[in-house]
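Welcome! Take a moment with the sequence and the 3D view below, and then we will walk through a few features together.

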Amino acid sequence: QVQLVESGGGLVQAGGSLRLSCVASGRTFSTYAMGWFRQAPGNEREFVAAIRRSSGNTYYADSLKDRFTISRDYAKNIVYLQMNSLKPEDTAVYYCAADSNLGLAYGYADAREYAHWGQGTQVTVSS
């Protein structure tokens with residue numbers, strides 16, 4: 001099992017920045033990719049970004065790639081999401097997820113790809 005704990009959420013004014021962290025523990029050697037998703041009230045869970053463990057290749061939602069950056073510190077088993085120029089529509093609960101599939105089954109942007117999820121951290125952007 002892989003345990004994921006997110007932190008770094010909070011209240012920020014529009015135009016501000018936040019950096020989310022996701023600390024992984026447990027069978028972290030079995031994770032092949034890490035992702036960030038978000039879910040606003042009344043909306044479906046939405047892909048934000050993902051990073052492959054082996055190559056460090058990154059993947060982003062097209063609408064967010066100019067403002068958000070995913071990175072990782074594998075020595076510390078931490079994945080980060082740097083969010084800049086935040087907008088009120090970025091308000092959501094942000095979830096960290098881990099993919100333990102050796103092969104890509106659904107794609108990094110699909111929540112079904114990820115077997116392990118954190119509890120989420122709230123990000124609220126005020127106008």
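How much space lies in the largest cavity? The answer is about 60 Å³.

## Before we start

This is a predicted model, in which local features need pLDDT of at least 70 and side-chain atom pairs count only at pLDDT 80 or more, while totals for chains, interfaces and linings use all residues. Residues are numbered from 1 along each chain as its sequence is written, and side-chain values use heavy atoms, with hydrogens and water left out.

## The cavity

The structure holds one cavity of 30 Å³ or more. Here a cavity is a set of points, on a 1 Å grid over the protein atoms alone, where a 1.4 Å probe fits but cannot get out. Grid points are joined across faces, edges and corners, and the volume is the space filled by probe spheres set on the points.

Which residues line the largest cavity? They are A24, T28, T31, M34, R53, Y74, N77, I78 and V79, where lining means having an atom within 4 Å of a point. By class, five of these are nonpolar, three polar and one charged. In this scheme Ala, Val, Leu, Ile, Met, Phe, Trp, Tyr, Cys and Pro count as nonpolar, Asp, Glu, Lys and Arg as charged, and the others, Gly among them, as polar.

## The nonpolar core

The largest nonpolar core has 34 residues, and W36, L81, M83 and Y94 touch the most other members. Such a core is a set of buried Ala, Val, Leu, Ile, Met, Phe, Trp, Tyr and Cys residues joined through side-chain atoms within 4.5 Å. Buried means under 20% relative accessible area, exposed over 50%, and partly exposed in between (1.4 Å probe, protein chains only). Among the elements that give two or more residues to this core are β1 (2-7), β4 (33-39), β8 (78-83) and β9 (92-99); strands are DSSP runs of E, at least two residues long, numbered from the N terminus.

Leaving out residues up to four places away in sequence, L81 touches L18, R19, L20, W36, V48, A49, F68, T69, I70 and Y94. Contact here means heavy atoms within 4.5 Å.

## Aromatic rings

How many aromatic pairs are there? The count comes to five. Rings of Phe, Tyr and Trp (its six-membered ring) pair if their centres lie within 6.5 Å; planes under 30 degrees apart count as stacked, over 60 as edge-to-face and the rest as tilted. F37 and F47 form an edge-to-face pair, 5.6 Å centre to centre with 70° between the planes. F37 lies in strand β4 and F47 in strand β5, so this pair ties together parts that are 10 residues apart in sequence. Both F37 and F47 are buried.

The ring centres of Y114 and W117 are 6.1 Å apart and their planes are at 70°, so this pair is edge-to-face. Y114 is buried, at 4% relative accessible area, whereas W117 is partly exposed at 27%. Ring pairs link F37, F47, Y114 and W117 into a cluster.

## Two loop residues and a strand residue

N77, one of the cavity-lining residues, sits in the loop between β7 and β8. N77 is not a glycine, yet has a positive phi of about 55°. S85, in the loop between β8 and β9, is not a glycine either and has a positive phi of about 50°.

S7 belongs to strand β1 and is partly exposed, at 37% relative accessibility. S7 and Q122 are 115 residues apart in sequence, and 8.9 Å apart in space, C-alpha to C-alpha.

Definitions and conventions:
On a 1 Å grid over the protein atoms alone, a cavity is a set of points where a 1.4 Å probe fits but cannot get out, and a pocket is an open set with protein on both sides within 12 Å along at least five of seven lines; lining residues have an atom within 4 Å of a point. Helices (H or I, at least four residues) and strands (E, at least two) are DSSP runs, numbered from the N terminus.
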